[in-house]
Amino acid sequence: MAFLDAEGSSHRSSGQQAVRGQGSRRGSPDSTLLALSFSEHAEWQPLLTRIGVSAETALRIAVHARVNGTDFQSELLASGVVDATAFSRAMAQEVGLAFVDYVDPERLIMRAKDCIALLRSRGKQNPVKYEDANGISFLIAPERIRIGQFRELLARYPGARARLKMTSRGALRRAALARARPRLVRRAALGLFEAYPEFSARIVANAWQGAAWGAAIAGLLAAATLVPDLVPGLLHGILSLFFFACICIRFAALPTAAPPQPESLEPAVASELPVYTVLVALYDEAGMVPGLIAALERIVWPKSKLEIKLVCEADDHATLSVIRACALPPYMEVIETPQGGPRTKPKALAYALPVTSGDFVVLFDAEDHPHPYQLLQAWQRFRTAGEEVVCLQAPLEISNRDNSFLSRMFFFEYAALFRGLLPWLARRHLVLPLGGTSNHFRRQALQLLGGWDPHNVTEDADLGLRLARFGYRAETIWCPTLEDAPEEFRVWLPQRTRWFKGWMQTWLVHMRNPARLGRDLGFGSFLVAQTLFAGMIVSATAHPFLLTSAAETLWDLAVGNPLSILQSVLLPIDVVNIAGAYLSFLLLGRRTLRKHERKGLWKVVLFTPVYWMMISLAAWRSLWQLWLRPHHWEKTAHRRAVSPTGADA
């Protein structure tokens, strides 16, 4: 699958050297590096002979460890040359320790918070107290151990052999995760609410918001009774104002909108790269798993510094069965999310984050195929950007744009958003509503923000607004993520309904104190937030009424019926709003398309009114759901496109 067209071909060839090591030339280690690597792995030779690793393979792994700035053991296990359990068992035999295959979580003598700390660590691990049939012993999983020093330690303290036992890192992690599960579930479900209750969507609207809405509705009903001619015009004017605000922001982004231009990536020194965490939340995605794993394996990053967590619901047996049937590489791990709290993607992410160790975190979805160099570009941007930039949004590209009317409209909509509007907002340091995937975070800032809100069904938009309120910024990068758009209305409608419901949740949460929101964001970002959240919701729900109003007035003109003063005032407003909305949408999207992507643009023009009426239906449906099922996550059924036509994007 090609990610770059002819315009980016030169970058593709240079990308082969995107990650290089110090002390090497043209990817080949020099003699000094070989000598150092050989001396470091020599102490492992008896153990390597025991598990059948050749001297040539061992030397290659030792070179990788030197180049990547890691240790021999980490590189050996990350390479997949040996099984981690077999390696641990062989090490136990080599140093003369008993080996424990299965670690019973109930026998671990550890507090839940210590279990979480163990799961998060990647360095040398302290022995863990464990109760077995012979009393209290100490478990150790071989991680970054210098085997020669370990032998010397055991020789110096021979009595330690009786109480020290070895197990595999995987067995110890599974036991610690099981032991920490209740604490992790509580933190995932209630962590944000307990840390920052004012930012949690657990309560959709607070008391004064409910009173304000009740008073507004009562006032409108009273006004409709006392001055019936005033209310329609007043409502129409308010709706038109929000509608016009959405038009203005699209036209404002128009001058700088352009097709994506690949940027050159500087060669990265592998030893300087940090640990990067990839989180993928999965639910009912059995059919997507093989393609997802293949896409994640193409990520260019030292595997010893990459951890990929496939986060699945514990009762999603179909997806878990497919994952278990796949030969996962050593740097991939399955985290099963137990029931407790809302069943949402952000809750699953919040459950998994505390047991990861990366300095940077990125999210992908089940259908995603990220550009292989996306992590590299994100890391390089983080290095050059100020500390206030804590999030980077990669563009989402639709791979099945020609498969149906809906997928083509979706592609056009995404192009306008990710190539036009979001880069314009980022360049002006304005609040950035994040997309639901391909968000890269500085881990420390993400934790400071409280992480994801498990009760918000568009956790991305909420987090983008929250990080701006904390004084941070988000920017965009160009390396894309390919994904499929819905091809059928029955798939599209639940997804778009969830989006609108989440935007409503986000607006209500952050408007609990409008004055404070204005102070936190500043005037410009405050206006943008009102436009992108309240404006998009109001314009979507108002669109059918403005269209109907304009059509009725034009009909009256056509048949010669006299117009009322109100009709005469509202007609030009409606015409400007509707024409401006369609025109701004089409112009912004067109400016972001490559030449070959403009083929069939007439179909987008023709179907835009129909598509916008569908969006209105989803918006009204989301209002109903917000009232009845505010935290319900409507699952989007994904299906891999047979022949992705957008693969060159």
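A crossing is left-handed if the near helix is turned anticlockwise from the far one by less than a right angle, and right-handed if clockwise. With that in hand, welcome to a predicted model, in which local features need pLDDT of at least 70, side-chain atom pairs count only at pLDDT 80 or more, and totals for chains, interfaces and linings use all residues. Residues are numbered from 1 along each chain as its sequence is written, and side-chain values use heavy atoms, with hydrogens and water left out. Helices (H or I, at least four residues) and strands (E, at least two) are DSSP runs, numbered from the N terminus.

**Helix H20 against helix H24**

- H20 (residues 489–510) and H24 (residues 601–628) pack at about 60° with their axes 8 Å apart; axes are lines fitted to C-alpha atoms, for helices over the stretch in contact, and angles run from 0 to 180 degrees between N-to-C directions.
- This pair is therefore oblique, given that angles under 35 degrees count as roughly parallel, over 145 as roughly antiparallel, 65 to 115 as roughly perpendicular and the rest as oblique.
- H20 passes H24 in a right-handed crossing.
- Residues of H20 that meet H24 include Phe489, Trp492, Phe500 and Met504, and on the H24 side they include Tyr611, Met614, Ile615 and Leu626.
- By class, the contact of H20 with H24 has 15 nonpolar, four polar and three charged residues; Ala, Val, Leu, Ile, Met, Phe, Trp, Tyr, Cys and Pro count as nonpolar, Asp, Glu, Lys and Arg as charged, and the others, Gly among them, as polar.

**Gln625, a residue of H24**

- Gln625 sits in helix H24 and is buried, at a relative accessible area of 9% (buried means under 20% relative accessible area, exposed over 50%, partly exposed in between, with a 1.4 Å probe and protein chains only).
- Not counting residues up to four places away in sequence, Gln625 touches Thr497, Lys501, Pro630 and Glu634, where contact means heavy atoms within 4.5 Å.

**Helix H21 against helix H22**

- The axes of H21 (residues 514–521) and H22 (residues 523–559) come within 6 Å and cross at roughly 125°, so the two helices are oblique to each other.
- Their crossing is right-handed.
- In this contact there are six nonpolar, three polar and no charged residues.
- Pro514, Leu517, Gly518 and Leu521 of H21 meet Phe523, Ser525, Phe526, Ala529 and Gln530 of H22.

- Arg173 lies in helix H10 (residues 169–195) and counts as buried at 6% relative accessibility.
- Its side chain reaches the backbone oxygen of Leu119 at 2.7 Å.
- The Arg173 side chain also makes a polar contact with the side chain of Glu333 (3.0 Å); such a contact is a pair of N or O atoms within 3.5 Å, where within protein one must be able to donate a hydrogen and the other to accept it, and residues adjacent in sequence count only if both atoms are side-chain atoms.
- Eight of the eight residues of helix H15 (residues 345–352) are buried, so H15 is largely enclosed by the rest of the structure.
- The cover over the buried residues of H15 includes H10, strand S11 (332–337) and helix H19 (459–469).

**Two residues with positive phi**

- Asp284 has phi near 55°, a positive value in a residue other than glycine; Asp284 is in the loop between S9 and helix H13 (289–297) and counts as exposed at 52% relative accessibility.
- Ser438 has phi near 60°, also positive in a residue other than glycine; Ser438 is in the loop between helix H17 (405–427) and strand S16 (439–442) and is buried, at a relative accessible area of 0%.
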